[in-house]
Amino acid sequence: MGAGRFAPSPSGELHLGNLRTAILAWLFARSTGRSFLLRIEDLDRARAGSEEAQVRDLAALGLDWDGPIERQSGRLDVFAAAVEDLRTRGLLYECYCTRRDIAESPSAPHAAPGAYPGTCRELTEAERAARRAFRPAALRLRTGVGQYTVTDTLHGQYTGIVDDFVVVRNDGVPAYNLAVVVDDHLQGVDQVVRGDDLLSSAPRQAYLATLLGAAVPEYAHVPLVLNREGRRLAKRDGAVTLAALAEAGVGPEKVRAAIMASLGLPGGPPREALEAFDPARLPREPWILPPLTTDL
Ligand SMILES: [Zn+2]
């Protein structure tokens, strides 16, 4: 059997939305006999102490995982090998565009909104050399499919844009879409459960997986947690992390009970909810965060 995973960026503490997604990812994996992996996506914004706090919070909720915690920063050679594979097959090209270049570029007549317009796709070697002198290149994938369809446990068939997306940023760091696909493939992850803000990335990632000879994982993009104004949780929403809630007198068991109740599940440790867990019965709407600290 394969594996599921939770893959946070160590850019701060996990908030209730992240914690709820972690519990769901664990339930999806464990209820289907999969192993469950924890992967730290630290290629970008790693803040000192965040990983330790995140691991502590996940354990406090009663989650466990298999094998050592993987860090993407320790796997740069693996990403480089995948890039080399794509490059030798002629699937990459250099792009010198700034965000502004892309925003101001006239798009092709049938291009999807927000898609890369292909500005650097057909440059000559002389044009590349001239542009390289002014700006380091990012590497984009030569796709040419326009869109791709994935199957999601909660959303059904989902078709989204696949433009020539970036696989290596112009600072040399592997792009999120590349790192996720390579890691899921090499770690045997065949079930991806994450927030539905990432649903629109799934077609790009699934398409890249097929190019790399990897199986497309089973997807479940789960609803986010929103504040009472209907916006994504942020620091200004007050006590939305386990540490802040504990300081306000709400311990991890109580937080977990509130999360489990929002999923229609018993409020104890997640393993006690495995029997009752049924993806078909999960709420499809965002969870509007109730005031957890008012009934003290
Ligand atoms: Zn470009």
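**Entry 1: Phe-6 and the listed sites**

The model I am reading is predicted. Is Phe-6 buried or exposed? I counted 25 C-beta neighbours inside 10 Å, and the cut-off for buried is 20 or more, so Phe-6 is buried. Setting aside residues up to four places away in sequence, Phe-6 touches Ala-22, Ala-25 and Leu-38.

I then checked the UniProt record. An unreviewed entry there gives "binding site" for Arg-5, Phe-6, Ala-7, Pro-8, Ser-9, Glu-41, Tyr-176 and Arg-194.

I followed Arg-194 next. Arg-194 sits in strand β9. It has 22 C-beta neighbours inside 10 Å and therefore counts as buried. Beyond its neighbours within four places in sequence, Arg-194 is in contact with Thr-21 and His-221.

The unreviewed UniProt entry also lists Lys-235 under "binding site". I found Lys-235 in the loop between β11 (225-226) and α8 (242-247). Lys-235 has 11 C-beta neighbours inside 10 Å, so I noted this residue as exposed.

**Entry 2: the whole chain**

I read off 9 helices and 12 strands in the protein. The C-alpha atoms fill a box of roughly 70 × 40 × 35 Å along the principal axes.

How does the radius of gyration fit a compact globule? For 296 residues the rule gives a value near 19 Å, and the protein has 21 Å, which agrees. Of the 296 residues, 36% count as buried. I also looked at contacts between residues at least 6 apart in sequence: 78% of them join residues at least 24 apart.

**Entry 3: two domains**

I looked up the domain assignment. Domain 1 covers 3-73 + 225-288, and domain 2 covers 75-222. Their centres, taken over C-alpha atoms, are separated by 27 Å. The contact takes 19 residues from domain 1 and 17 residues from domain 2.

Which elements give two or more residues to the domain 1 side of that contact? They are β1 (3-6), α1 (16-31) and β2 (35-40). The largest share on that side comes from α1, with 6 residues. By type, the domain 1 side has 9 nonpolar, 4 polar and 6 charged residues.

**Entry 4: helix α6**

I turned to α6 (residues 176-186). How many residues of α6 are buried? The count is 9 of the 11, so the helix is largely enclosed by the rest of the structure. The buried ones are Tyr-176, Leu-178, Ala-179, Val-180, Val-181, Val-182, Asp-183, Asp-184 and His-185.

What do the buried residues of α6 pack against? I listed β2, α3, β8 (166-168), β9 (189-195) and α7 (202-211). Gly-188 follows α6, and its phi is positive, near 75°.

**Entry 5: helix α3**

I checked the length of α3 (residues 76-88). At 1.5 Å a residue, its 13 residues should span 18 Å, and the end C-alpha atoms are 18 Å apart, which agrees. After α3 comes Gly-90, whose phi is positive, near 70°.

I picked Gln-54 in helix α2 (residues 50-60). Gln-54 has 25 C-beta neighbours inside 10 Å and so counts as buried. Leaving aside neighbours within four places in sequence, Gln-54 is in contact with Pro-8, Pro-10 and Leu-14.

Last, I took Pro-252 in helix α9 (residues 252-262). Its 18 C-beta neighbours inside 10 Å make Pro-252 partly exposed. Not counting residues up to four places away in sequence, Pro-252 touches Ala-60, Leu-61 and Leu-242. Pro-252 and Thr-241 are 11 residues apart in sequence, with 9.8 Å between their C-alpha atoms.

Note on methods:
Residues numbered from 1 in each chain as written. Predicted model: local features only at pLDDT ≥ 70, side-chain atom pairs only at ≥ 80, totals over all residues. Helix = DSSP H or I, 4+ residues; strand = E, 2+ residues; numbered from the N terminus. Expected span 1.5 Å × (residues − 1). Rg over C-alpha atoms; globule rule 2.2 N^0.38 Å. Buried ≥ 20, exposed ≤ 12 C-beta atoms within 10 Å, placed from the backbone. Contact = placed C-beta atoms within 7 Å. Domains from an automatic or database assignment. Nonpolar A, V, L, I, M, F, W, Y, C, P; charged D, E, K, R; others polar. UniProt positions renumbered as here; feature names shortened; annotations may be inferred.
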